[in-house]
Amino acid sequence: MTRAEIFAVIASRISETFSIPAADISESTTAADVDGWDSLSHVTLMLDVERHLKIRLPVRRTTEARNVGDLLDIVLDSLGTK
């Protein structure tokens, strides 16, 4: 999968989880930009991303991600496609 394809999956999962348009999500989007994105919903989102991409994400790195771009990089690393 390409970076753009993986971003589309992540944006779609964020969109579904938080009921916001995927078009409103960019690599610079932060949890603070999204209503309802708190620590509990972050865990739910990470599990959803893992399930859709059939990967395991390192918990420590996902909690340290500052924005969607950081999350994308973590996913790419986990897929070995960075």
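Predicted model: local features only at pLDDT ≥ 70, side-chain atom pairs only at ≥ 80, totals over all residues.
Local features here need pLDDT of at least 70 and side-chain atom pairs pLDDT 80 or more, while totals for chains, interfaces and linings use all residues. Numbering runs from 1 along each chain as its sequence is written, and side-chain values use heavy atoms, with hydrogens and water left out.

Q: How do you know that the span of helix 1 agrees with its number of residues?
A: Helices are DSSP runs of H or I with at least four residues, numbered from the N terminus. The expected span is 1.5 Å times one less than the number of residues. For the 16 residues of helix 1 (residues 3-18) that should give 22 Å, and the end C-alpha atoms are 22 Å apart, so the two agree.

Q: What covers the buried residues of helix 1?
A: The cover includes helix 2 (39-53) and helix 4 (68-79). Among the residues being covered are Ile6, Phe7, Arg13 and Ile14.

Q: Why is Asp48 called buried?
A: Buried means under 20% relative accessible area (1.4 Å probe, protein chains only), with over 50% being exposed and partly exposed in between. Asp48 comes in at 9%, so it counts as buried. This residue lies in helix 2 and, leaving aside neighbours within four places in sequence, is in contact (heavy atoms within 4.5 Å) with Arg13 and Thr17.

Q: Which residues touch the most other members of the largest nonpolar core?
A: Ile10, Ile14 and Val75 do, out of 22 residues. Helix 1 gives the largest share of this core, seven residues. A nonpolar core is a set of buried Ala, Val, Leu, Ile, Met, Phe, Trp, Tyr and Cys residues joined through side-chain atoms within 4.5 Å.

Technical notes:
Helix = DSSP H or I, 4+ residues; strand = E, 2+ residues; numbered from the N terminus.
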